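Subject: Structure handover

Hello,

Here is the structure I said I would pass on.

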Amino acid sequence: MTTSIVQNILAVFETRLAATDGTAGVYRPKKQGDFPVEDKIIVVTHDDIERDEELSCPGNPPKIAWVLPVKVAAIIEPDDDDTQPIDQRMNDFIVDAMDAVTIDGAWYQFNGNAINATLEAPIQFQPSDDTARGMMFTVRVTYRVDETNQTQLA
C-alpha cells in the first residue's frame, strides 16, 4: 500500500518536533485523548483537509491542490518546585516548537511533499489535567496531487 502525502507531511512534523529542546515526547493520538498529559509533550493532529481551487490546475493531466491544517499542541505540567512563571515556560516551549517546524528556508516544502505552508498564531488551551497548560498553533500546508492518483505529487 502506498503512503499518502498527508502521512508523509505528518512524519516530517514528527521528526522536526522531536528535536525541540527538552521535549519529553511527540504523539499522534490513535483516538481522542490518547496521549499522556505530562511536562513538555507535543501532540500533532490535523483538521479536515480543504480544497484550494486557486492552486488546482484543470487540464491534462489535471491537478488538485489541498490544504492540510496541521495542529501542533505543546503541553507543560510544571512541578511544585518550579520557580519559572508558567506563562514564560509555555511561551518558550511553543516558540521552540514553532522554530523546529520552520527549521530552514525550505521548511514549507516538508521534504518535497508540499508547495507552500503558512504559520498561524499560537492560542492557549486547557488540557484535561488542571495542573497542565497548553498552547497550540496551526500550520496550513498546501500540497498538490494528480487528480487520478492522490498519492502522486503534481
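This is a predicted model: local features need pLDDT of at least 70, side-chain atom pairs count only at pLDDT 80 or more; totals for chains, interfaces and linings use all residues.

Residues are numbered from 1 along each chain as its sequence is written, and side-chain values use heavy atoms, with hydrogens and water left out.

Nonpolar cores

A nonpolar core here is a set of buried Ala, Val, Leu, Ile, Met, Phe, Trp, Tyr and Cys residues joined through side-chain atoms within 4.5 Å. Buried means under 20% relative accessible area, exposed means over 50%, and partly exposed is in between, using a 1.4 Å probe and protein chains only. The largest core has 32 residues, and the members that touch the most others are F13, L17, F110, V139 and V141. Two or more residues of this core come from each of α1 (5–18), β2 (41–46), β4 (63–76), α2 (86–101) and β7 (133–146). These elements are DSSP runs numbered from the N terminus: helices are H or I with at least four residues, strands are E with at least two. There is also a second, separate core of 5 residues, including I41, V43, I75 and A132.

F13 has contacts with V44, V70, V72, V101, F110, V139 and V141, leaving aside its neighbours within four places in sequence. Contact means heavy atoms within 4.5 Å.

Aromatic pairs

Rings of Phe, Tyr and Trp (for Trp, the six-membered ring) pair if their centres lie within 6.5 Å; planes under 30 degrees apart count as stacked, over 60 as edge-to-face and the rest as tilted. The count comes to 3 aromatic pairs. F13 and F110 are a stacked pair, because their ring centres are 4.7 Å apart and their planes stand at 15 degrees. This pair links distant parts of the chain, with F13 in helix α1 and F110 in the loop between α2 and β5, 97 residues apart. F13 has 0% relative accessibility and so counts as buried. F110 is likewise buried, with a relative accessible area of 0%.

W107 and Y108 make an edge-to-face pair, at 6.4 Å centre to centre and 90 degrees between the planes. W107 is buried at 14% relative accessible area, whereas Y108 is partly exposed at 28%. Ring pairs join F13, W107, Y108 and F110 into a cluster.

Backbone angles

F110 has a positive phi, near 45 degrees, although the residue is not a glycine. K40 is another non-glycine residue with a positive phi, about 60 degrees. K40 sits in the loop between β1 (25–27) and β2.

Salt bridges

A salt bridge is a side-chain nitrogen of Lys or Arg within 4 Å of a carboxyl oxygen of Asp or Glu. The model has 7 salt bridges by this rule. One of them joins R28 and E14, at 3.5 Å from N to O. R28 is in the loop between β1 and β2 and E14 is in helix α1, so the pair ties together parts that are 14 residues apart in sequence. R28 is partly exposed at 29% relative accessibility, and E14 is partly exposed at 27%.

R140 takes part in a salt bridge with E50, where the closest N and O atoms are 2.6 Å apart. R140 lies in strand β7 and E50 in strand β3 (residues 50–51), 90 residues apart. R140 also forms a salt bridge with E120, at 3.9 Å from N to O. R140 is partly exposed at 23% relative accessible area, as are E50 at 33% and E120 at 36%. Elsewhere, a network of salt bridges links D39, D82 and R89.

D146 is in strand β7, and the D146 side chain makes a polar contact of 2.8 Å with the side chain of T148. A polar contact is a pair of N or O atoms within 3.5 Å; within protein, one must be able to donate a hydrogen and the other to accept it, and residues adjacent in sequence count only if both atoms are side-chain atoms. D146 also touches P61, P62, Q152 and A154, not counting residues up to four places away in sequence.

Regards
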